[in-house]
Amino acid sequence: IPSVTVENKDGARRLVDHLLEVHGCRSVGYLRGPAGHEDSAWRELGFRGSLEAHGLDPDAAPVGTGDFSAAGGEACVAGWLAAGRSVDAIFAGDDASAVGALRALDRAGRRSVAVVGFDDIDEAVHTNPPLTTMAVNPRRQGELASQLLLKRLVNRSAPPTNHIILPELIVRGSTVG
């Protein structure tokens, strides 16, 4: 079956690399999505790979479930803060949980923690501060999927084509410069 997918692992790794290399972060937490969600699993592999490549122990990093929702991200980060877990950056596996993380940090007066998300949802540019994220371009995904489907309908014996879209790093104000 033809497919169009996003390169989640590499995108996550590039986001965490950005936090570590550009902003000098050393303690990065991860907000994963719902249990069993494939995108979340690949993004966690990218997160862990970046930490390992930079000599950091991924097993020592705070990891919690943001559940791909603002409420989930907010609750998880509020829990970390209440428990005294200190981070200088948070990689949220999606933008919605990143929005929640920003809310929890703001409420706690922790404005120096860098936060990044994934997907570049419309709200990402309107958060305070605007969210650094990976843009996945769902419109392009849909266009490619439609083209693949039409080609398959015309020639059913053609081998399936698989496309992997590389997400684009969008740097905004939520990463501390």
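**A residue in a helix, and its surroundings**

Reply: Glu44 is located in helix H2. The model shown is a predicted one. Glu44 counts as buried because its relative accessible area is 16%, and the limit for buried is under 20%. Setting aside residues up to four places away in sequence, Glu44 touches Tyr30, Arg32 and Val63.

H2 packs against H1 at an angle of about 40 degrees, and the two axes are 7 Å apart. The two helices are therefore oblique to each other. The crossing in which H1 passes H2 is right-handed. On the H1 side, the residues that meet H2 are Asn8, Lys9, Ala12, Arg13, Val16, Asp17 and Leu20. On the H2 side, they find Asp39, Trp42, Arg43, Leu45, Gly46, Phe47, Gly49, Ser50, Leu51 and Ala53.

Side chains of opposite charge can pair when their charged atoms come close. The structure holds 10 salt bridges. In one of them Arg48 is joined to Asp59, with the closest N and O atoms 2.6 Å apart. This pair links distant parts of the chain, since Arg48 is in helix H2 and Asp59 is in the loop between H2 and strand E3 (63-65), 11 residues apart. Arg48 is partly exposed, with a relative accessible area of 23%. Asp59 is exposed, with a relative accessible area of 61%.

A salt bridge elsewhere in the chain joins the side chains of Arg103 and Glu74, at 3.8 Å from N to O. This pair too links distant parts of the chain: Arg103 belongs to helix H4 (residues 95-107) and Glu74 to helix H3 (residues 70-82), and they are 29 residues apart. Arg103 is partly exposed at a relative accessible area of 39%, while Glu74 is buried at 16%. Arg107 is linked with Glu74 and Arg103 in a network of salt bridges. Arg111 and Asp106 form another salt bridge through their side chains, at 2.9 Å from N to O. Arg111 counts as exposed at 60% relative accessibility, and Asp106 is partly exposed with a relative accessible area of 42%.

The loops remain. Most residues other than glycine have a negative phi, and most peptide bonds are trans. Phe68, in the loop between E3 and H3, has a positive phi of about 55 degrees although it is not a glycine. Phe68 is partly exposed, with a relative accessible area of 23%. In the loop between E5 and E6 lies Asp119, whose phi is near 125 degrees, a positive value in a residue other than glycine. Asp119 counts as partly exposed at 22% relative accessibility.

Pro129 also has its place in the loop between E5 and E6. The peptide bond joining Asn128 and Pro129 is cis, with omega about 0 degrees. Thr127 is found in the loop between E5 and strand E6 (133-135). Thr127 is buried, with a relative accessible area of 12%. Leaving aside neighbours within four places in sequence, Thr127 is in contact with Val99 and Leu102. From Thr127 to Pro2 the separation is 125 residues in sequence and 36 Å in space, C-alpha to C-alpha.

Conventions
Residues numbered from 1 in each chain as written. Predicted model: local features only at pLDDT ≥ 70, side-chain atom pairs only at ≥ 80, totals over all residues. Heavy atoms only, no water. Salt bridge = Lys/Arg side-chain N within 4 Å of Asp/Glu carboxyl O. Helix = DSSP H or I, 4+ residues; strand = E, 2+ residues; numbered from the N terminus. Buried < 20%, exposed > 50% of the residue type's maximum accessible area, 1.4 Å probe, protein only. Axes fitted to C-alpha atoms, helices over the stretch in contact; angles between N-to-C directions. Parallel < 35°, antiparallel > 145°, perpendicular 65-115°, else oblique. Left-handed = near helix turned anticlockwise from the far one by under 90°. Contact = heavy atoms within 4.5 Å.
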